[in-house]
Amino acid sequence: AQPSAAPPLSAPLRDLPWGQLNFLHTTDTHGWHAGHLQEPSFSADWGDYISFAERLHERADDEGVDLLLVDTGDRIEGNGLYDASDPKGKYTLDIFAEQDIDVLCSGNHELYKSNSSEAEYSVTVPKFAGNYIASNLDIFDPKTGEQRPLAQRYKKFTTKNQGIRVLAFGFLFDFTGNANNTVVQKVEDAIKEKWFQQAIRDREVDLFLVIGHILLRSIEFASIFHAIREQNWDIPIQIFGGHTHIRDYAKYDSKAYALESGRYMETIGFMSITGLSTGGKETTISNAPSGRDFKPSASPSFSRRYIDNNLFSFYHHTSLNETTFPTIHGRNVSSMISSARKKLDLDKQFGCAPKDYWTNRVPYPSEQSIFTWLQDEVLPSKIHDPSRGDTPRMLITNTGAVRFDIFKGPFTVDTTYTVSPFTNGFRYIKDVPFSVAKRLLQILNQEVPQLWPASQSLAYVSPAPLGQTHPSNPLYNPHPHAQTPLTPLKEDKDLTPGYTTTDDAGTDGDDTIHAPITFYRVPNCIESRIAFPPTTSSSKTETNTQTPTSMQSEEDPTAIDLIYVDFIESYILLALKFLGTDYEERDTAVYMRGETLTSVIAEWVGENWGCE
Ligand SMILES: O=c1ccn([C@@H]2O[C@H](COP(=O)(O)O)[C@@H](O)[C@H]2O)c(=O)[nH]1
Ligand SMILES: [Zn+2]
Ligand SMILES: [Zn+2]
């Protein structure tokens, strides 16, 4: 852990359900490789994870079983360790590559900007040569301009100890927001490709391993699953997903399961399968030196565990302690992280937050909602372009732009990036009739499938128990994460608050037994009204709905400047069209050149939150 990280707290733990083939899974780490310095439950860093994996490998080898590591993308954007460097990722790409990962793929965040996908292509893919898979992702080679697979399409290998023959794929959901130097092939088209159809007809396979930056209960995974099943009615399939930042485990059939392992280095997913055939070994009997015999089974068993990323859990699961647990390699990587954090001055303070502000742990609007704070305090005081004088204005931002909570206490360089990592600037359309502008938020906050493709949803609800999955999805489960807490082994009062996951296998997935936390859904977008005539509802926006007619006075402005973060421009223009106007991109212009949501927040904190 990093020197300034909060020490982990002891808590009742469930053991890891070891099997014949075991996996550790990370996803959506978003640059949090230093771990969470202010949250004891998640305070282990990437160096500790390396020690953990090395210790579990020792145990796997001792017992003659196998352990594979998987990462399903979104490794970047979301933490100062990645975002504060110039170029971005100067330190994290090397730090990440210290882990020995067997199968990995890209997320959407690696592709928003051409710089980051080029870094994947020139740094991460070669570092993980043979392991990085891009089943539906191409890049235009920056040197030749030629369109090429970002990495190999699939991988076949045999596990070291058990001799399990694994055929692995690595997909990305049907993402369309990538920069124009990459090409994402729709999953439904990729699985029709000759290479895929040939691969799934391979009869020398004991396990299909499908990893993807894709939510588990999605049409994309469903179609890959069905394509494999059409050719292989009973070969086990293990799926690893990501993107929605939740803990989830889904049963596809009795021999096919899928795991998603949260976000931001909060969770290390553990998965095991027992009863696989081992075609890569002469005999299936007693491959394990420990004498455990894993005969292939007509009904292999699958188990999952969500490990809280902290040293208390790691010591427990390795039966080691502070002295015996860390490996030299792991320690060195923790030092690489501390030195990068120092060089980036991530602990430099802009001010001190007087209380906690939450993205999803309190309802919106409310006194402790980060969105209410932005809407009512930060944006009204900072959103002003002098060239537009005192024109009444409305700013709309997607809530997905705000990625994490603010804890009471120091608000640092790192905090600015954990809250708001994106570099999008502001744009605006001048003189938009208020009668139109006031209806925008309601349109943007509707789940309108005709307007927004499901996988393109503006919303990002982290780690909300309310599924984001569109109901047209054949695997749709209306209650994937019921809010009812699991029955704790001990009285709630003795437990620390944390994840209490309900998934397709029940309520015993989390390694740490916690008291439940309630997560609340937030709207796709919020708006802030600024410099409105005082008798209207002013900057205190009517949340999530249009302003009721009764609230409007004669003094409503006739026209306003409509400002938005440029990431949502296409949605704003679409919604304006839906409202009967014909605004085009040429009607838009930069607002507050050079400023971003990140810079505005950092400035506001510096001006308003002193430290005592
Ligand atoms: O420039 C950007 C890029 C992304 N977003 C928001 O992030 C989510 C996607 O994040 P995941 O980690 O892949 O879930 C996207 O839907 C936007 O809400 C952004 O605001 N600006
Ligand atoms: Zn993500
Ligand atoms: Zn994602």
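Is N108 buried or exposed? Select it and look: N108 is buried, at a relative accessible area of 2% (buried is under 20%, exposed over 50%, partly exposed in between, with a 1.4 Å probe and protein chains only).

Before moving on, note that this is a predicted model, where local features need pLDDT of at least 70, side-chain atom pairs count only at pLDDT 80 or more, and totals for chains, interfaces and linings use all residues. Residues are numbered from 1 along each chain as its sequence is written, chains are lettered from A and ligands numbered from 1 in the order written, and side-chain values use heavy atoms, without hydrogens and water.

Next, show the zinc ion (ligand 3). Its protein donors are D74 (OD), N108 (OD1), H213 (NE2) and H243 (ND1), 2.1 to 2.2 Å away (donors are N, O and S atoms within 2.8 Å of the metal, 3.2 Å for Na, K and Ca; water is not among the atoms, so sites may look incomplete). Now click D74: it bridges this ion and the zinc ion (ligand 2), with the two ions 3.5 Å apart. D74 is buried too, at 1%.

Over to the aromatics. Pick W195 and F196: the ring centres are 5.7 Å apart and the planes at 90 degrees, so this pair is edge-to-face (rings of Phe, Tyr and Trp, its six-membered ring, pair if their centres lie within 6.5 Å; planes under 30 degrees apart are stacked, over 60 edge-to-face, the rest tilted). W195 is buried at 18%, and F196 is buried at 0%. Then select W32, Y264, W358, F404 and F407, which form one aromatic cluster.
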